[in-house]
Every structure is written in structure tokens, then in C-alpha cells.
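Please read these notes with the model open beside you. Each point can be checked by selecting the residues it names.

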Amino acid sequence: FFQAEDGIRDVERSRGLGDVYKRQVVDSILWAIKHQEPGIAEIGLTTLVSLILNLGNNKEALNQFFVVYLMQICKDIFVVLTDSLHKSGFKLQTEVLKRLILAIEAKEVITPISPECPDNKTYVMNFLVSALTTSYPNISKMSVTKVVESLFANCVKWEAFKTTVRDFLITMKEFAEDSELLYAEERQKQQEEARNLEEMKKRAVLAKAQQGIPKQ
């Protein structure tokens with residue numbers, strides 16, 4: 001994964017890899033993120049996050065990569081996001097989705113993804129609305145459209161973006177009764193804050209006790 005990642009994000013090295021090899025590398029990463037074994041899925045997601053983030057340092061490589069792979073990655077991220085068996089990967093899945101949408105919103109992808117639609121934002125938004133409406137007929141097209149619009153509007157705001165994704169997942173029947181893992185990041189933050197507060201209290205008690213000890 002990691003050597004291949006270096007090659008893909010370097011334009012000069014990437015030209016020597018060959019399209020078939022690059023496709024195999026990306027397919028391997030996407031296979032990993034869809035694996036039901038959480039450890040394998042996490043490795044795939046971590047590799048994908050690293051690859052996409054590092055591509056941002058090279059505009060030409062970023063554009064080339066996203067023109068070819070953005071839609072496939074987007075499809076597969078929604079596959080695992082909306083699969084209750086992959087709830088543990090929610091944070092990393094959402095990070096990837098946020099970066100994909102940011103690339104479109106910030107016009108980092110210059111070349112049209114589809115020859116049928118020169119505007120990438122319009123193309124991706126229409127695709128997401130159509131795909132999600134078809135996959136989840138219990139959710140109205142109007143509601144799905146609002147979700148997609150919110151994703152694009154909040155693609156630079158992590159908390160707002162994450163909340164939009166989570167609220168949509170909870171709306172789905174698959175997550176309606178078991179959404180605990182979707183709040184794992186918040187619980188971890190609360191636990192850390194509680195530990196920090198407890199540590200501060202202990203230090204305050206210790207400092208007060210030391211103040212009462214007479215000097216020798």
C-alpha cells in the first residue's frame with residue numbers, strides 16, 4: 001500500500017506506474033475499506049486518508065487522481081457509511097467523504113469528471129441525490145437533496161459536516177435503533193475532559209496540602 005501510495009501521489013513516478021497498476025492499487029485500498037474485519041478496514045481507510053491528504057500538495061496529481069477515481073471512492077465510502085457492519089469506521093469514512101466533497105467545492109478538480117456535464121459540482125451533487133434516493137426510498141428526494149446541499153455547504157467545517165452525515169445515517173432504518181458508535185468521537189472527548197478535570201482537582205488538592213506543610 002504505502003510504496004504504491006508514494007508513487008501515485010508523485011506525478012513523475014506516477015507516469016511510470018501505468019494505469020492498470022494504479023487501478024489495482026486503488027482497488028486494493030477500496031477492497032480493504034469494505035472488509036468486514038475492522039482492523040483491515042481501518043488500514044484501508046487510513047491509507048486512503050493519507051493518500052488523499054498528500055495528493056493535496058500536488059495540484060496536477062490531485063486533479064489526475066480525482067478525475068479517474070473520485071466517483072468510485074465516493075460510491076464505496078457511501079457503501080460502508082450506510083452499512084451497519086462498518087459503524088466503527090465512521091470517523092475515517094466521514095473524513096474521506098469530507099475531503100472528496102471539498103475537492104469539488106474548492107474546484108481542485110479542474111478537468112470535468114464526466115463529458116456529459118462540464119460542471120463537476122453539479123454532476124456530483126446530482127449523482128449523490130439520485131443514488132441515495134434510489135437506495136433509500138423511505139427518505140424523500142427533498143430530504144436527500146437538503147442533506148447533499150448541507151454536505152457541500154459544510155465541507156470546511158468538521159463538526160457540522162460530521163453531524164450532517166450522522167443525522168442522515170440515523171434517519172435510515174439500519175441505524176435508527178443502534179447509533180451508539182456514531183457518537184464514539186464525542187464520548188472519547190467527554191472522557192478525556194473528565195480525566196483532565198479529575199487530574200486538575202488532584203493537583204489542586206496536592207498543592208493545597210503542600211501549602212499547609214511547615215518549612216523545615
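**Notes on the model**

1. N63 touches E108, V109, I110 and T111, leaving aside residues up to four places away in sequence; contact means heavy atoms within 4.5 Å. N63 itself belongs to helix α5, residues 59-81. Helices (H or I, at least four residues) are DSSP runs, numbered from the N terminus. With a relative accessible area of 13%, N63 is buried. Buried means under 20% relative accessible area, exposed over 50%, and partly exposed in between, with a 1.4 Å probe and protein chains only.

2. This is a predicted model, in which local features need pLDDT of at least 70 and side-chain atom pairs count only at pLDDT 80 or more, while totals for chains, interfaces and linings use all residues. Residues are numbered from 1 along each chain as its sequence is written, and side-chain values use heavy atoms, with hydrogens and water left out.

3. The largest nonpolar core has 50 residues, of which F66, I73, I77 and L97 touch the most other members. Such a core is a set of buried Ala, Val, Leu, Ile, Met, Phe, Trp, Tyr and Cys residues joined through side-chain atoms within 4.5 Å. At least two residues of this core come from each of α3 (19-33), α4 (38-55), α5, α6 (90-105), α7, α8 and α9. The largest share, twelve residues, is supplied by α5. I73 touches L30, L48, F65, V96 and L100, again not counting residues up to four places away in sequence.

4. How many aromatic pairs does the structure hold? There are three. Rings of Phe, Tyr and Trp (its six-membered ring) pair if their centres lie within 6.5 Å; planes under 30 degrees apart count as stacked, over 60 as edge-to-face and the rest as tilted. The Y136 and F168 rings are edge-to-face, because their centres are 6.4 Å apart and their planes stand at 85 degrees. This pair links distant parts of the chain, 32 residues apart: Y136 is in the loop between α7 (120-135) and α8 (141-153), and F168 is in helix α9 (residues 158-171). Y136 is buried at 11% relative accessible area, and F168 is buried at 5%. Ring pairs also join F65, F66 and Y69 into a cluster.

5. The buried residues of α9 include F161, V165, F168 and L169, and also K162 and R166.

6. N54 is in helix α4 and counts as partly exposed, at 26% relative accessibility.
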